[in-house]
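Keep the sequence and the 3D view side by side, and try each task before you read on.

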Amino acid sequence: MLLLDGKATAAAIRAELKEEVAAGLAAAGRAPGLAVILVGEDPASQVYVRNKERGCEEAGIRSEAFRLPADTTQEALEVLIDELNGRADIDGILLQLPLPKGLNSQRCLERISPKKDVDGFHPENMGRLALGLPGFRPCTPAGVMTLLERYDLSPSGKKAVVVGRSNIVGKPLALMLGAPGKYANATVTVCHSGTPNLAEECRQADFLFVAAGRPCLVTSDMVKPGAVVVDVGIHRTDEGLVGDCKYDDISCIASAMTPVPGGVGPMTIAQLLINTVISWKGRTGIAG
Ligand code: NDP
């Protein structure tokens, strides 16, 4: 079985971006800048933000973190977003979710300029994805697509099944897989909690993507032998980190599979860095 090593792939991407940034620095007149907003003290979010900052540093991106108290008001958060929207040295704005209770995350996401929306969650960018127009793509599904491409695994003409239809993973991933393109162009089925026979649907998949947020939901009897399996889920359990798939059993029959951890997680951050560098190139006019 081929291990789809997101950790190593992400490291290679960071090294490539570092070179790209170094090469464009003189012409751009400044390094790429990413603003990361973290509200409150959610421990998982703190880890994610630290990893994103570390990734930026390795890729030559200047990150600026805004750590705000949990009792920050909607108005104060929107004022900060407006300020960052207006700053010439900031190419991307990332609002770490979830926000503490009382804050309206959708309103905040819509406040971020679509031109700096490196997380790809703004309705304008989601709309552009649905229409097949260029724009920022959400980092987790785009990171999954990048991983397939790096391993030269093309779902074109194959049957892809996506388990999950969230706005941040399942839905955009299904759109990306079903779009035209060498590393897309799949026939896509989307499953969710209303799908009557999940196992039967999954067994049809040449490419199976699981983003259900349910530990070990997908077992080996639900996987077609030889399938490519991408596990987006991540859960902290007493036995350590596990995904939405039973890795040990499925890895015996899949042709390729992502591990948890070290699969999709690092690719999500790598894609954020890619999006930030794309924004920087566009905004400084050095895009080739
Ligand atoms: P959500 O909870 O927002 O969405 C889960 C989706 O899975 C929903 O569409 C839900 O259906 C569907 N679902 C849940 N249970 C079942 C089931 N038994 N059978 C079929 N479908 C089911 O989760 P996210 O999309 O935000 O995240 C999914 C997982 O990916 C989580 O474990 C999360 O931690 C992880 N994740 C990892 C990232 C990374 O960087 N590695 C980034 C983002 C997420 P319905 O719509 O009907 O409720």
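**Exercise 1. List the contacts of D91, and then describe where D91 sits and how D91 is held.**

*Step 1.* Leave aside the neighbours of D91 within four places in sequence. The contacts of D91 are then R30, A31, P32, G33, K115, K116, V118, T276, S279, W280 and R283, where contact means heavy atoms within 4.5 Å.

Before going on, a word on the ground rules. This is a predicted model, in which local features need pLDDT of at least 70 and side-chain atom pairs count only at pLDDT 80 or more, while totals for chains, interfaces and linings use all residues. Residues are numbered from 1 along each chain as its sequence is written, and side-chain values use heavy atoms, with hydrogens and water left out.

*Step 2.* Find D91 in the loop between α3 (74-86) and β4 (92-95). Helices (H or I, at least four residues) and strands (E, at least two) are DSSP runs, numbered from the N terminus.

*Step 3.* Check the accessibility: D91 has a relative accessibility of 0%, so D91 counts as buried. Buried means under 20% relative accessible area, exposed over 50%, and partly exposed in between (1.4 Å probe, protein chains only).

*Step 4.* Look for polar contacts. A polar contact is a pair of N or O atoms within 3.5 Å; within protein, one must be able to donate a hydrogen and the other to accept it, and residues adjacent in sequence count only if both atoms are side-chain atoms. The side chain of D91 makes such a contact with the side chain of R283 at 3.0 Å, and the side chain of R30 makes one with the side chain of D91 at 2.8 Å.

*Step 5.* Turn to R30, which lies in the loop between α1 (6-28) and β2 (33-39). Not counting residues up to four places away in sequence, R30 touches L25, A88, D89, D91, W280, R283 and T284.

**Exercise 2. Which residues surrounding the ligand are the closest?**

*Step 1.* The closest are R165, S166, H192, S193 and T268, out of 21 residues around the ligand. A residue is near a molecule if one of its heavy atoms lies within 4 Å of it.

*Step 2.* Sort the shell by type: nine residues are nonpolar, ten polar and two charged. Here Ala, Val, Leu, Ile, Met, Phe, Trp, Tyr, Cys and Pro count as nonpolar, Asp, Glu, Lys and Arg as charged, and the others, Gly among them, as polar.

*Step 3.* Follow the oxygen atoms of the ligand. One is 2.5 Å from a polar side-chain atom of S166, and one is 2.8 Å from an N or O atom in the side chain of R165. For V232, a polar backbone atom is 3.4 Å from a ligand oxygen.

*Step 4.* Finish with the area: the ligand taken alone exposes 920 Å², and the protein buries 70% of that. Accessible areas come from the Shrake-Rupley method with a 1.4 Å probe; for residues, only the protein chains shown count as cover.

**Exercise 3. Is C245 buried or exposed?**

*Step 1.* C245 is buried, because its relative accessible area is 3%.

*Step 2.* Locate C245 in the loop between β10 (240-242) and α9 (247-250).

*Step 3.* Not counting residues up to four places away in sequence, C245 touches V210, C216, V218, V229, D231, I250 and M257.

**Exercise 4. Find backbone features that deserve a second look.**

*Step 1.* Recall the background: most residues other than glycine have a negative phi, and most peptide bonds are trans.

*Step 2.* Look for cis bonds. The peptide bond from L97 to P98 is cis, with omega near 0 degrees, and P98 is in the loop between β4 and α4 (105-111). A cis peptide bond also joins V260 and P261, with P261 in the loop between β11 (256-257) and α10 (264-284).

*Step 3.* Look for positive phi. D152 has a phi near 55 degrees and lies in the loop between α6 (139-150) and β5 (159-163). N185 has a positive phi of about 60 degrees and sits in the loop between α7 (170-178) and β6 (187-191).
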